[in-house]
There are 2 protein chains.
Amino acid sequence: MPEFRALSAATGEPVGPAFPVHGPAEVDAACAAAAEAFAAYRATGREERAAFLETIAEEILAIGDLLIEAAMRESGLPRARLEGERGRTVGQLRMFAGVVRAGAWQQLRIDPALPDRQPLPRPDLRLRMIPVGPVAVFGASNFPLAFSTAGGDTASALAAGCPVVVKGHPAHPETGALVAGAIARAVAACGLPEGVFRHLTGPSNELGAALVQDPRIAAVGFTGSRAGGLALVRLAQARSVPIPVYAEMSSINPVLLLPEALKARGAALGAAFAGSLTMGAGQFCTNPGLVLAIAGEGLDAFMTAAAEAISAAAAQTMLTNGICKAYAGGVATLAGLPGVERVASGLTGEAGQGQAALFRTSAQAFLAEAAMGHEVFGASSLVVVCNDEAELAAVIGALEGQLTATLQMDSSDEALAARLLPLLEMKAGRILANGWPTGVEVCHAMVHGGPFPATSDPRTTSVGSLAIDRFLRPVSYQNISAGLLPPELRDEARGDGAPRLIDGTLTL
Amino acid sequence: MPEFRALSAATGEPVGPAFPVHGPAEVDAACAAAAEAFAAYRATGREERAAFLETIAEEILAIGDLLIEAAMRESGLPRARLEGERGRTVGQLRMFAGVVRAGAWQQLRIDPALPDRQPLPRPDLRLRMIPVGPVAVFGASNFPLAFSTAGGDTASALAAGCPVVVKGHPAHPETGALVAGAIARAVAACGLPEGVFRHLTGPSNELGAALVQDPRIAAVGFTGSRAGGLALVRLAQARSVPIPVYAEMSSINPVLLLPEALKARGAALGAAFAGSLTMGAGQFCTNPGLVLAIAGEGLDAFMTAAAEAISAAAAQTMLTNGICKAYAGGVATLAGLPGVERVASGLTGEAGQGQAALFRTSAQAFLAEAAMGHEVFGASSLVVVCNDEAELAAVIGALEGQLTATLQMDSSDEALAARLLPLLEMKAGRILANGWPTGVEVCHAMVHGGPFPATSDPRTTSVGSLAIDRFLRPVSYQNISAGLLPPELRDEARGDGAPRLIDGTLTL
């Protein structure tokens, strides 16, 4: 079998051990194993499945520093960031263990029979959610742990009862293989069928395409570029049985600087913004790539402080040489658009390093040129200067769908914010105030999603406990005898901790 | 403006008043009005929205017998059936009023701030579901009330807070116009913007296509043919911003006759089956178009009784002359497939009337010819005779996705049923025992949905309270001040009757 190696983020040279280039035969074997394992895996009880997720977390921690070092080598990301990301990954698996135990994801509903109802009796009807089947997960380059082999897509699919076939990101094969080994050990330790988890490696897009086209795959999780996500969506829709693709693709995450906040702390906001923009070389899905503000003194102070901080920002090694080239290209395109003025550039660096960039334009120019709204993945941002609230609202109305929208505001901005909020709700999955969008909390109330093209399916999220819903579908049981009903739908299961909607009344 | 008239189901001749043939200008106006009305409509409180749904129900009842007579004339369906359907339509609106009041559809989630958490504080995060925007609803011919102008799609979309633009089915324009008038009166009585509901009429597919392509439409509800549903899905996916289409399309609703039930009551099952098959000329999405059984004496008794009943079944007027012709064509195609034997034919009738038909084949022949699994809309069914359980399981495995799967079983069939149930769960949205699939209860635990091609989106249902979820998406609010939060997410709203997931714990 042919092999490939990771390319160092810093040098672009091959680094680390060689990994197999998987092809159609390995896709077929992985999907066959996943389909075979599905019946037994979906029949696992809540406690058994939760313990499995916790075992994966323990096995990942047990890899120790080897994992952090491999990820540093392959991604160019610093140790502290990767240690934090490991904590997030492990915490995410444990959160889903808690979600599985709590049982609300089953959406249990019972409408008891009404044999005497007129004109017709009502039969006994009971509903639960069941897993959709084997899920294909595409690892993301920018979070080699938290959005990759054992990331949020994998954790939520396994929590739902779906076997997972991961197509590892070729930028971090060693990191991926280490994590895949940890999952495989957890599968064995928990006595589950081996096909519950499979890991495919290789540098080509054909591998991922074959996986999405396999008839045994029932859903797809993806985080990456708009072009990549849309390609997978097209493949999934062209199947004889189409399947959902949950692709998190593209967002420029507008930050609105409201007038009173700008007046009170324009310079401080500028410095803080620059910190958020350049963190991790700007390689976050939620990076603040767009700033909207109304012209005035406060904005001038913001621009001055932001420009100063960005001008002093060191160039940073990007995840791959390809990403670094694409970033430079995106910055050049933006700089060349009519009405765009370069405000600041970060320090230059070596090959493979990205240089921060800040631009400004007018609302009129932004509204005239859709390309200004396209994502430039990296530490580049565009400030759109509006003359008044009407222009600000027009720019919001012209935005594509976003993962986040941020309000920098003081209490005296509240009336304006209240007028803008309904517009922002139509555009973004998460709206935050007086913070920066780059932190994505893993919790129950998180939405890491949003209208197209932020994602391919705005009805859900790829981070947080609601993500489990992506891999479930409802089944109704009518007049099924107690012995044949799924255990959680039997009368005697009441009190097992899972909520039930009984005849329309929610019962704990 | 050009006009068109309904064609009598019985004679194919024009009947009733003339209605406008709407085109692109009316689509544009309707979508503009819906988009304009959306902000105010989605801001309505739960009580206000529930009262609106109840007012629609009252206004429909207030039309009186005029509505039943128009529907009889246009659909050919009998009075008792249409009076029952009106009751179902009104009950459905009232059920959604109750759902809106109960508030669980908002999926409120609150993760309070943890300012002292290490290594990083957790921000305050709150989540709610919001409506997606104006919804296009396509009326279905086979339920001129319950799946049409004010049917399940309209009721659930309005319940979610979405304005609705209905493309009325051209087979029943007068019925549609009467119901649309009732909704418009309810809109006015409740002081809502006029654009909350619009009704478009016309006989062409281009009208529906223009509606799905309008950029202000955010989702589509459809019940009808597979070809029609897939055409809408393709249009929706080809938009610059793709939108979800909830199409309920095609199902043959397998009925499994298990051996002990067949032995005990084969003849009785045969007679009852014929009753379910021929009811309403077989024009139900859940009509039992496929019967699976293992060969034996019980099956012989079933076949004899079913054949006898079907041979005596009167021909019935079908919904439209086009549907009647398509039915005859489908029956002829099925009759001509290799290995298919005609067992019984109903009585012949006049033009526009469908003649019942019963066929049989072997499992081997069924597995060799995919066309045997295609829906024939009307009172035709195919019995697949299996030699043993393995053949039965193979036939189930070869089925496309279905709305329903039915088990006719005795308690001594339970072990076999337990082995088949996991296979059926992968194929159908609803599994029922010892009944017939044609009754679809409107309740909380109903799933009228299922894997492709039963629907275009198996993650949901078009009947029952869960249908509201189709028209909602989650939004997360991070560190948003109390005054700016949506009222239902404020701390003081606790106790308003809606359940909340607070820090992972469900609270009533």
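Modeller: One term first: two strands pair if DSSP finds at least two bridges between them. Also, this is a predicted model.

Biologist: Fine. Which residue of β20(B) does Leu108(B) stand opposite?
Modeller: Leu108(B) is opposite Arg500(B) in that strand. The strand holding Leu108(B) is β3, residues 108-111 of chain B. Three bridges join β3(B) to β20, residues 500-502 of chain B, and the two run parallel.

Biologist: Which way does β3(B) run relative to β4(B), parallel or antiparallel?
Modeller: Antiparallel, again with three bridges, and β4 covers residues 125-131 of chain B. In that pairing Asp111(B) stands opposite Leu125(B).

Biologist: And which residues of β3(B) point which way?
Modeller: Leu108(B) and Ile110(B) point one way, Arg109(B) and Asp111(B) the other. In a regular strand, side chains alternate between the two faces of the sheet.

Biologist: Are those four buried or exposed?
Modeller: All of them are buried, Arg109(B) and Asp111(B) included.

Biologist: Switching to the core. How many residues does the largest nonpolar core have?
Modeller: It has 345 residues, and Leu53(A) and Leu53(B) have the most contacts inside it. Helix α4 of chain B, residues 79-102, gives the largest share, nine residues.

Biologist: What does Leu53(B) touch?
Modeller: Leaving out residues up to four places away in sequence, Leu53(B) touches Leu93(B), Phe96(B), Ala97(B), Val100(B), Ala155(B), Leu158(B) and Ala159(B).

Biologist: Back to α4(B). Why does its end-to-end distance agree with its residue count?
Modeller: At 1.5 Å a residue, its 24 residues should span 34 Å, and the end C-alpha atoms are 34 Å apart, so the two agree. The expected span uses one less than the number of residues.

Biologist: What comes just after α4(B)?
Modeller: Gly103(B), with a positive phi of about 85 degrees. In chain A, α4(A) is followed by Gly103(A), whose phi is also positive, near 85 degrees.

Biologist: How are the two chains related, then? What rotation superposes chain A on chain B?
Modeller: A rotation of 180 degrees with 0.0 Å of shift along its axis, at an RMSD of 0.0 Å. That is the relation of a two-fold axis. The same surface serves both copies, as 100% of the contact residues of chain A recur in chain B.

Biologist: Now chain A by itself. How many helices and strands?
Modeller: Chain A has 14 helices and 21 strands. Its radius of gyration is 24 Å, close to the 23 Å that the globule rule gives for 508 residues, so chain A is as compact as a globular protein of that length. Its C-alpha atoms fill a box of roughly 75 × 65 × 40 Å along the principal axes.

Biologist: What share of chain A is buried?
Modeller: 59% of its 508 residues count as buried. Among contacts in chain A between residues at least 6 apart in sequence, 76% join residues at least 24 apart.

Biologist: Last one, Glu488(A). Where does it lie?
Modeller: Glu488(A) lies in the loop between β19 (472-478) and β20 (500-502) of chain A.

Biologist: Why does Glu488(A) count as partly exposed?
Modeller: Because Glu488(A) has 17 C-beta neighbours inside 10 Å, and buried needs 20 or more while exposed means 12 or fewer.

Biologist: What is Glu488(A) in contact with?
Modeller: Beyond its neighbours within four places in sequence, the contacts of Glu488(A) include Gln106(A), Leu108(A) and Arg128(A). Gly429(A) is 59 residues from Glu488(A) in sequence and 33 Å away in space, C-alpha to C-alpha.

Notes. Residues are numbered from 1 along each chain as its sequence is written. Chains are lettered from A and ligands numbered from 1 in the order in which they are written. This is a predicted model: local features need pLDDT of at least 70, side-chain atom pairs count only at pLDDT 80 or more; totals for chains, interfaces and linings use all residues. A nonpolar core is a set of buried Ala, Val, Leu, Ile, Met, Phe, Trp, Tyr and Cys residues joined through C-beta atoms within 7 Å. Two residues are in contact if their C-beta atoms, placed from the backbone, lie within 7 Å. Copies are superposed by least squares on the C-alpha atoms of residues with pLDDT of at least 70 in both. The radius of gyration is taken over C-alpha atoms; the globule rule is 2.2 Å times the number of residues to the power 0.38.
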